[in-house]
There are 2 protein chains.
Amino acid sequence: MFGVILAGGSGTRFWPKSREQSPKQLLKIVGPRTMIQNTVERLLPLIPASNIFMVTHALHAFETCHQTESFKVPPSQLLAEPVGKNTAAAIGLAAKVLQEKDPNAVMAVFPADHVVKDPKNFHEVLRQGEKIAEKGFLVTLGIQPTRPEQGYGYIKQGQALKGSECAYEVERFVEKPDATTAQKFIDDGGYSWNCGVFLWKVSTILEEIQTHLPDLSEKLSSIASHTVANNRKYGYRILDSEGEKLYDSLPFISIDHAVLEKSKRVAVIPAKIQWSDVGAWDALLDVAEKDGNGNVLTENVTELDCSGSIIQGEDRLIAAVGLKEIIVVDTPDALLVCNKNQAQEVKQLVNQLKEKNRPEVKLGVTVQKPWGSYTVLEKRDGYLVKRLDVNSGERLSLQSHNHRSEHWTVVSGTATVDLDDKQITVKENEFLFIPQFSKHRLANQQNTPLIIIEVQMGDKVDEDDIIRYQDDYDRN
Amino acid sequence: MFGVILAGGSGTRFWPKSREQSPKQLLKIVGPRTMIQNTVERLLPLIPASNIFMVTHALHAFETCHQTESFKVPPSQLLAEPVGKNTAAAIGLAAKVLQEKDPNAVMAVFPADHVVKDPKNFHEVLRQGEKIAEKGFLVTLGIQPTRPEQGYGYIKQGQALKGSECAYEVERFVEKPDATTAQKFIDDGGYSWNCGVFLWKVSTILEEIQTHLPDLSEKLSSIASHTVANNRKYGYRILDSEGEKLYDSLPFISIDHAVLEKSKRVAVIPAKIQWSDVGAWDALLDVAEKDGNGNVLTENVTELDCSGSIIQGEDRLIAAVGLKEIIVVDTPDALLVCNKNQAQEVKQLVNQLKEKNRPEVKLGVTVQKPWGSYTVLEKRDGYLVKRLDVNSGERLSLQSHNHRSEHWTVVSGTATVDLDDKQITVKENEFLFIPQFSKHRLANQQNTPLIIIEVQMGDKVDEDDIIRYQDDYDRN
């Protein structure tokens, strides 16, 4: 069995912890690991790392590689989409790639950012699903509804599937019903939530895509031959320029709408796996550890008389007094304070901020880079102060700037710097000036982390002022 | 008439905007000016700047000078207490100093951090008070109670004062009554709040102190001769070392307890002046400008569906959703989120933080200095990044450090640096290294501000590691 993890989420509902560049699946929302790390780890007892594939946006590809490195998922099994095209395209792409390996294999599809609190039962259900999938069914997992949720898809089960003790035929799908309908489904019984986990044979899903979405099917056939390894550093698979054009022309549609709602061979297995899609901040009250008053707090919080509240911060001190069912999410450059019952509206608020072109929607102060990360300490007219964290063995691109010079103070580790035609070693407590226009490159050739405080100065200090002459990570 | 502004507040209830080093009177709580600036400005139509005196803690003296400079209050009229000894000592000290000028003059006493929204009536009441004071009374202003407040002192008025149309004898004072008693006072009528504004002749109050607090009276006589001008830079008055010792031995007691409650010649003038002591964050709902939904918001706030809330930030983006009567106060290193009805408990919370030795109780990231200010951008093991803002014409002390070296990048203006036996000019976009142990001094001799990004590195990077050889501001 192959596992395909769909890691394409944008996670606006977890702003300000999530940003366009660091969506929910890449964050530690519950526990010490990121959501995608939890997802991979959950599969390993059933699916070896060598059989796990991932589909993500190219923006998040290197960070996804970083995070899954320790689980030994081969980087070449990460497929980077140039643009998000919803689940039909992502699943179709993965199926095309798997077809080359084994068209009769079962592929199981998983969202990268959900929580399953009963992994044992989850594995059991997947094993059952595999058997049904092998018979040519599109298998869905059905979660017993606990509230008249309007944001999910509902599955109406039909008769028990012949020859199976656990699966049912599917009578119909209903995507995002209104409140009255959702309540009726719960009252009537026989409905379950579609949790986005699917099992099917590679050949089955490709046939069904061909039947119900011939346009996608045709284009996918061409696209598969346009996937190429990214570069020697990471080796995840991207599309070449022809492939990118093709991918951009794919229809934007979910697999649910495109195939499951139409197919005649869908089955559902009721799954008691303590699932949550962790859809917004208030979900933490269900999936995270609470104190005696039902609060979910991080370590930096001092509180008096709070209950039912979620208070999540980083380094800054947070003092909370008398909060009842309030969500506080604190990050270095943006703060959210929200009534628990309106957690869904954070999405709407982020859209407002997007319209105002607020930079806090895209990036946090710390930005992950293939070579490490940078953190903005202060930005003001005429200058910018950053901390650069360069991982051992990595180096930035060979570059120059037209508008700024840079002042580097090494506060930890040793920097090896190419500066025009010289190579310079800069040790801890030493300084180097990088003049405007000079070709330079920063590397960490030591086994210890390299930390530099950089002061950029010039008439323009922004990320766009960079000319790259060579880059280990194939960035333009 | 002389004005004496008591600026000794510690302002824990306005944490985290107020800190031990920057109490409420030095902050912009309402409007574009600080509380003490508003207080001085409010007096000017009645009392010329040359007649205004201030008493403050030595810690806050230079900043108080800075803030009142533009109103032309002579710095020599700022009296710096080495230690806070409550209002009897502060008023006694001021009276002793004024006695030398004119023992028959009326002195009016004002808290530095209250709001008066009807300054016209306020001036009228003060003029009336002056006349009563000249007759030898201790005059208090009485504010009509609007709620059974337990935190204030209450004045029970007696008969109308003979020969006056506005003033009454005082039957008794009651300090901080319990809720039942406070409600009874309101129901009974004839009670008003003591707002801490007093008028009396210098000779009257000194006599009364002599009668009711002979110990204070005697020591004050010695202390007055121990006030000395601080230095050529600021010229506010401090106590010499003998005076400091004497001051430290003064009884810690309020003028209300020590004198007003006991004196036979107290009068009260009912004052309709729209007064507020702005005692805690929730008071902003009374004194600050509100939006259509009753919120008091700063510019950096984006909100959806909030009402009756106070959201105060600085540069960081704050997004608020669905808050009802919630207080949010955001600063670079500490965040407060508090139920409006529990604003008084912030004091208790700050005490908890004090017990834990949290640095956020004492200082914010920006610390005012006589020469300008510094702002901590990042502090981690082994290094500290600061922005130094050096005002035009100012210079830091001649100093050295035993544990750290410093890396200075000038991002605005020009620095003149003494480094051991050399003088060095460091211009914008230039760098200077200050080695460990070296004697150095930083000055801004230009007319423009000087801004430096400083990286301190060493086995110990804190404010204590400083040896001062000379200082323009007489700091040890």
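Modeller: Six strands make an open sheet with mixed pairing, in the order β14(A)-β16(A)-β18(A)-β19(A)-β17(B)-β15(B). At its edges stand β14 (296–297) of chain A and β15 (301–304) of chain B, each with a single partner strand, so one side of each has no neighbour in the sheet. Strands (E, at least two residues) and helices (H or I, at least four) are DSSP runs, numbered from the N terminus, and two strands pair if DSSP finds at least two bridges between them.

Biologist: How are the residues and chains labelled, and where does the model come from?

Modeller: Residues are numbered from 1 along each chain as its sequence is written, while chains are lettered from A and ligands numbered from 1 in the order in which they are written. This is a predicted model: local features need pLDDT of at least 70, side-chain atom pairs count only at pLDDT 80 or more, and totals for chains, interfaces and linings use all residues.

Biologist: What is the mean pLDDT of chain A?

Modeller: pLDDT is the predictor's confidence in each residue, from 0 to 100. Chain A has a mean of 95, with 99% of its residues at 70 or more. For the complex, the predictor gives an ipTM of 0.93 and a pTM of 0.94.

Biologist: How many bridges join β19(A) to β17(B)?

Modeller: Five, and the two strands run parallel. Cys338(A), for example, stands opposite Val321(B) in β17(B). On the chain B side, β15(B) and β17 (residues 317–321) are also parallel, over four bridges, and Thr302(B) stands opposite Ala319(B).

Biologist: How many residues does each chain bring to the contact?

Modeller: Two residues are in contact if their C-beta atoms, placed from the backbone, lie within 7 Å. Here 48 residues come from chain A and 48 residues from chain B. β19(A) gives the most to chain A's side, with six residues. Of the interface residues of chain A, 100% are also interface residues in chain B, so the copies meet through the same surface.
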